[in-house]
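This briefing is intended for a reader who has the sequence and the coordinates at hand. Please keep the structure in view while reading.

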Amino acid sequence: MRAAGTVLFLIAGGLCGFWAAARLKKRVTVLAAIRLWIRYMETEFRFHAAPLTEMLAECSEQPALRELTFLRAADGSDAPPQQLSDAVKKEKRALALNDEDPALLLRLIDGLGRTDLLGQQAHLADCAERFEEQEAQARDTYLRQGKVCRVTGICTAAALALALW
């Protein structure tokens, strides 16, 4: 019976560690998808100049942007930036973003459709640069702390199992 309990402790600790590492990885994935979304919007503004509502509707259908669940909030909306902002605020935890990321994302969304074409391009380029920095920081954090999370989960579970043995 003790052996089964020890194995269960190790599995639970390992799962906790792997879950924490997966949250770090998800942040990297979401930030990369945001950068891809920005590049897509830059291309759309440059070559098609379609209305913002149409561009956002097309973005929500892109398979490469499926991680950005907040994009679905703008479908069929008359005020897509407001809908997107509300969705980002609701889904902050599900997107695995830290405190800085949603503020930057809200800044990006608030600037959509507010200026002329050159202003939009400048806004998107500035946001792309900032998200690139955030993604590099998130990737570095994942590489440094991902292994630590997994090993700490397993070691903590092993220590508890030994202490209770």
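The points below cover confidence, the nonpolar core, salt bridges, the surface and selected positions.

The model is predicted, and the protein averages a pLDDT of 83, with 94% of the residues scoring at least 70. Its largest nonpolar core has 35 residues, and the structure holds eight salt bridges.

**Confidence**

- Confidence is lowest in H2, where the mean is 78.
- The highest confidence in the protein belongs to helix H4 (residues 100–111), at 88.

**The nonpolar core**

- Within the largest nonpolar core, the residues that touch the most other members are Trp-37, Met-41, Leu-68, Phe-70 and Leu-105.
- Two or more residues of this core come from each of helix H1 (2–47), H2, H3, H4 and helix H5 (117–164).
- H1 gives the largest share of the core, namely 10 residues.
- In soluble globular proteins, nonpolar side chains tend to be buried together.
- When neighbours within four places in sequence are left aside, Met-41 is in contact with Leu-52, Met-55, Leu-56, Cys-59, Leu-112 and Leu-124.

- Lys-26 and Glu-67 form a salt bridge through their side chains, at 3.4 Å from N to O.
- This pair links distant parts of the chain, since Lys-26 is in helix H1 and Glu-67 is in the loop between H2 and H3, 41 residues apart.
- Lys-26 is partly exposed, with a relative accessible area of 28%.
- Glu-67 also counts as partly exposed, at 23% relative accessibility.
- Side chains of opposite charge can pair when their charged atoms come close.

- The side chains of Arg-130 and Asp-126 meet in a salt bridge of 3.4 Å, N to O.
- Arg-130 and Asp-126 are separated by about one helical turn because they are four residues apart in helix H5.
- At 38% relative accessibility Arg-130 is partly exposed, and Asp-126 is partly exposed at 25%.
- A salt bridge of 3.2 Å, N to O, joins the side chains of Arg-144 and Asp-140.
- Arg-144 and Asp-140 are both in helix H5 and lie four residues apart, about one turn of the helix.
- Arg-144 counts as partly exposed at 48% relative accessibility, as does Asp-140 at 38%.

**A nonpolar surface patch**

- Val-7, Leu-8, Ile-11 and Leu-15 make up a nonpolar patch on the surface, and together they have about 390 Å² of accessible area.
- Ile-11, one of the patch residues, is located in helix H1.
- The relative accessible area of Ile-11 is 46%, so this residue is classed as partly exposed.

- Gln-134 lies in helix H5 and counts as buried because its relative accessibility is 11%, under the 20% limit.
- Not counting residues up to four places away in sequence, Gln-134 touches Arg-27, Leu-31, Asn-98, Glu-100, Asp-101 and Leu-104.

- Thr-53 is placed in helix H2 and is partly exposed, at 34% relative accessibility.
- Between Thr-53 and Ala-158 there are 105 residues of separation in sequence and 53 Å in space, C-alpha to C-alpha.
- Glu-61 is found in the loop between helix H2 (52–60) and helix H3 (80–90).
- Glu-61 has a relative accessible area of 64% and is therefore exposed, the limit being over 50%.
- Glu-61 and Leu-71 are 10 residues apart in sequence, and their C-alpha atoms are 8.9 Å apart in space.

Notes. Residues numbered from 1 in each chain as written. Predicted model: local features only at pLDDT ≥ 70, side-chain atom pairs only at ≥ 80, totals over all residues. Heavy atoms only, no water. Buried < 20%, exposed > 50% of the residue type's maximum accessible area, 1.4 Å probe, protein only. pLDDT = per-residue confidence, 0-100. Core = buried A, V, L, I, M, F, W, Y, C linked by side-chain atoms within 4.5 Å. Contact = heavy atoms within 4.5 Å. Salt bridge = Lys/Arg side-chain N within 4 Å of Asp/Glu carboxyl O. Patch = residues over 30% accessible without salt bridge, like charges linked within 9 Å, V, L, I, M, F, W, Y side chains within 5 Å. Areas by Shrake-Rupley, 256 points an atom, 1.4 Å probe, with all protein chains shown as cover.
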